[in-house]
Structure formats: structure tokens, C-alpha cells
Amino acid sequence: MKAVGYYEPLPTTSDRSLVDLALPAPAPGPRDRLVGVQAISVNPVDVKIRAGVTPPNGVAKILGWDAAGIVEALGAEVTGFKPGDAVFYAGAIDRPGANSELHVVDARIVGRKPVSLSFSEAAALPLTAITAWELLFTRLGVAYGVKAPAGALLIVNGAGGVGSILIQLARRLTGLTVIATASRPETIAWVENMGAHHVIDHRRPLDEGLNAIGIPQVQYVAGLTGTDQHLPAIVKALAPQGKLALIDDPKALDIVPFKRKSASVHWELMFTRSLYGTPDMAEQHQLLNEVADLVDARVLRTTLKDELGPINATNLRRAHAVVESGKSIGKLVLNGF
């Protein structure tokens, strides 16, 4: 089968940073589904691993943790989706990724593809939808589907992949006032289109931006990028007994200043369930099915921004370069081999 991988961490300017491969087809384990991959999208995690992780034993590492495709075969213990069914999922970070024609994935973290979306539109959603859903409803504890006034949510970097779907979830499914940060005309327009009530500039202190829109304190903060950089302003802006949830990777994070406000700090990593095989691992299957229902009901929509062509090393290098630039909007997708 065709696949794209790498043998050593290299910059995207090198033709060897990602290379086209021919590999044997994988076989599903007892709890797995074998999926024929139709489309993939690229996330910051792909870039971080490619740039910083050396594959062991000279074996190429396959990236890719967002996919939409068609079930080809089932493991012995799998029920539910059958061959021919269309699915979407994010996969597990400790297994080979989906940048391949055929991909093996644990059946417990696979959802049905929204029927109203193309494979490309669907592939833009899984990883970021799981991350945003868990951050909002599990880590921050916001009530799902309750439209009564619930305070305000500040989303730091609303135009990225997670921010784009988090804005929609919070605006459509809660009573929160949604405030997103953005700094360029195109990103401001994007977050407004996703449904943000207010937009403030993250190049300036966040507390100043909140004061300017007349909302000096928020009950919830989603730190998607630069949390350590913005921490002093977040401490000022967070209401007493408020909650911060973050997904980025600060080198250090001093949360002592939150003590006076009895504020809580939460981490969100959507791979935790699959990494540890948690008893509630199948919650991500249910979550993705719920997202598919909401998409088909026109409550949520895809965050696909650009398609870069078929799945090959050249196009994936282009996608990685865009994500590394820090200026990507929404999600980048590749379709077909």
C-alpha cells in the first residue's frame, strides 16, 4: 500500500522530511477496524512529532491523526460498523498514523462519518472536535445543550483547528458568551463566521481587550496557544472560582497566582483515553457520532479551510510548512492517493 512517513527529523525544506513509501497492508487486531483512508487532515501534533521524534530502529514513522474513510475489515471482537460503512476518527498517538491507504484503528474510537459531508470535509473534524468537546464539557464542566446564561468563555486563538470547532460548540450548544482572540483581518473574519460574539486581539494584553468590550471577567478560559505568555492577563481576567483549560505545551506554568481566586486548572489531551485504555475509551466513539448528528442537523459545520490535493509527500510537506508558520486558519486537508 502507499503511505507517507519519515526516517529522521528534518525541516520541511528537505525532500527527505516526508517521503512516499510502499508498505505491506496491515491486518486488524481483535478490537480493530481496517479502514481504507479517503482523506486526512494535518494537526500541530503531526508537525511536533516529525520535527522532534526520531523513529526507532530505522523504521519509517507514519504520521496522521485525522482521517475519514471506508471500513474494509473487522477484528474478531468488533461489532457495529461493517465493511463498506463510512467513518471518521482521530486514532491513537502510540500507533501508526493514517497517512496510508489502509489504516488500523481501535473500533472504540471510531465514529460514523456525517452523511452531509464529503470525506475531505469530515476529515477536518475528528481530532479537534474531540479536543474541543472534552475541553468544554468534561474539563470545564459546562452543561451540554443548556442555553441559559452561563457567563463568558475566552478562547485564546479562535482561528485554529480546535478554536474553530470550540467556538461553534460553545455558541450553539451552551448559554455562554463566546469571546475569541484573533489578530489579522482574515482570522478575525473567520472566528466571526464560526460564531464568536466578540473578538479581541491577542497581540495585546487579554485583560485590556476584555475591558474594551465591557466584559472584564470571564468564568472560563480555553488556552489553546501561548498560555504561558498570556498567563498574567488570564489570572486578572478569570473570575473567582473560574476555570482554565489548556491544550498547548508551555515549558513551565506557574499556577500559584490562581490560588487567591480558588480557580481550577485543567489539561486536555484527546489521546489520553487511547494511551491508557481507559474504561471510558468508547466515549470518543459516542462523541464522534454525536458530532456527526449535529453536523447533519446543520448545528455544526466543517472547519475545512483548504484542500492541498492528493495524499503524498510533496503535499504533506506543504501542509506541515503552513502549520509550522503559525498562520494556518481552520484545517488543511488532503484527499485520495
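Me: Which residue lies over the face of Phe 119?

Reply: Lys 113 does, at 5.1 Å from the ring centre. A charge sits over a ring if NZ of Lys or CZ of Arg is within 6 Å of the ring centre and within 35 degrees of the ring normal. This is a predicted model: local features need pLDDT of at least 70, side-chain atom pairs need 80 or more, and totals for chains, interfaces and linings use all residues. Numbering starts from 1 along each chain as its sequence is written, and side-chain values use heavy atoms, without hydrogens and water.

Me: How many aromatic pairs are there?

Reply: Four. Rings of Phe, Tyr and Trp (its six-membered ring) pair if their centres lie within 6.5 Å; planes under 30 degrees apart are stacked, over 60 edge-to-face, the rest tilted.

Me: Why is the pair of Trp 65 and Phe 271 called edge-to-face?

Reply: Their planes stand at 80 degrees, so the pair is edge-to-face; the centres are 6.4 Å apart.

Me: What about Trp 133 and Phe 137?

Reply: They pair edge-to-face too, 5.0 Å centre to centre, with 65 degrees between the planes. Both are buried. Ring pairs also link Trp 133 and Phe 137 with Tyr 144 in a cluster.

Me: Where do Trp 133 and Phe 137 lie?

Reply: Both are in helix α3 (residues 126-139), four residues apart, about one turn of the helix. Helices (H or I, at least four residues) and strands (E, at least two) are DSSP runs, numbered from the N terminus.

Conventions: Buried < 20%, exposed > 50% of the residue type's maximum accessible area, 1.4 Å probe, protein only.
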